[in-house]
Amino acid sequence: MLNQEIVKLLNEQLNKELFSAYLYLDMANYYADQNLSGFENWFFVQAQEERDHAMLFRQYLLNNGESVILTEVAAPNEKYNDYKDPLVKAFNHEKYVTDSINKIYEAAMKIKDFRTMQFLDWFVSEQGEEEKNADDNIKKYDLFAGDPKGLYMLDSEMKARVYTAPSLVL
Ligand code: FEO
């Protein structure tokens, strides 16, 4: 059994991870519309990873005998001004998710819920990677995408990203 406030936060995080998947799918769709299939691929893979994150929260709740509460996933409802815009929005979104994970960690720490803290450790380091990847995308875009040839090369690089299952298994 877990503390019910922690259960609430974990269920909310599950929803946020599903929203992340929805948001990145929306970005993949935007790039598909722009015929940038590499950027599309990168965000499509990212959306798959976010679904995995949601399933890890689901499994953790179930493993602890808690109910999983699925709530409405909001529409991304984003308008993208240019090719760089989703990259910036993705980075900002990851910072928001990091903050959200940290808040659950803080709540768990306050009540000495060491099990949840240990579970969240994986997400703490994952968020470090997520933010770095998102920031790298912006930097690469600024460096290389200034002309059509550079954009083409960067798109080709983004196309090489392949999905890998999360290293955390519950
Ligand atoms: Fe599930 Fe991108 O953090």
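Visitor: What covers the buried residues of α5?
Guide: First, a word on the model. It is predicted, so local features need pLDDT of at least 70 and side-chain atom pairs count only at pLDDT 80 or more, while totals for chains, interfaces and linings use all residues. Residues are numbered from 1 along each chain as its sequence is written, and side-chain values use heavy atoms, leaving out hydrogens and water. Now your question: the cover includes α2 and α4 (114-144), where contact means heavy atoms within 4.5 Å. Helices are DSSP runs (H or I, at least four residues), numbered from the N terminus.

Visitor: Which residues of α5 are buried?
Guide: Gly150, Leu151, Leu154, Asp155 and Met158 are buried in α5. Buried means under 20% relative accessible area, exposed over 50%, and partly exposed in between (1.4 Å probe, protein chains only).

Visitor: Why do they line one face?
Guide: An α-helix has 3.6 residues a turn, so residues three or four places apart point the same way. Down the axis of α5, the buried residues fall within an arc of 135°, so they line one face; the arc is taken from the directions from the helix axis to the C-beta atoms. Turned away from that buried side are the exposed Lys149, Tyr152 and Met153.

Technical notes: Helices (H or I, at least four residues) and strands (E, at least two) are DSSP runs, numbered from the N terminus.
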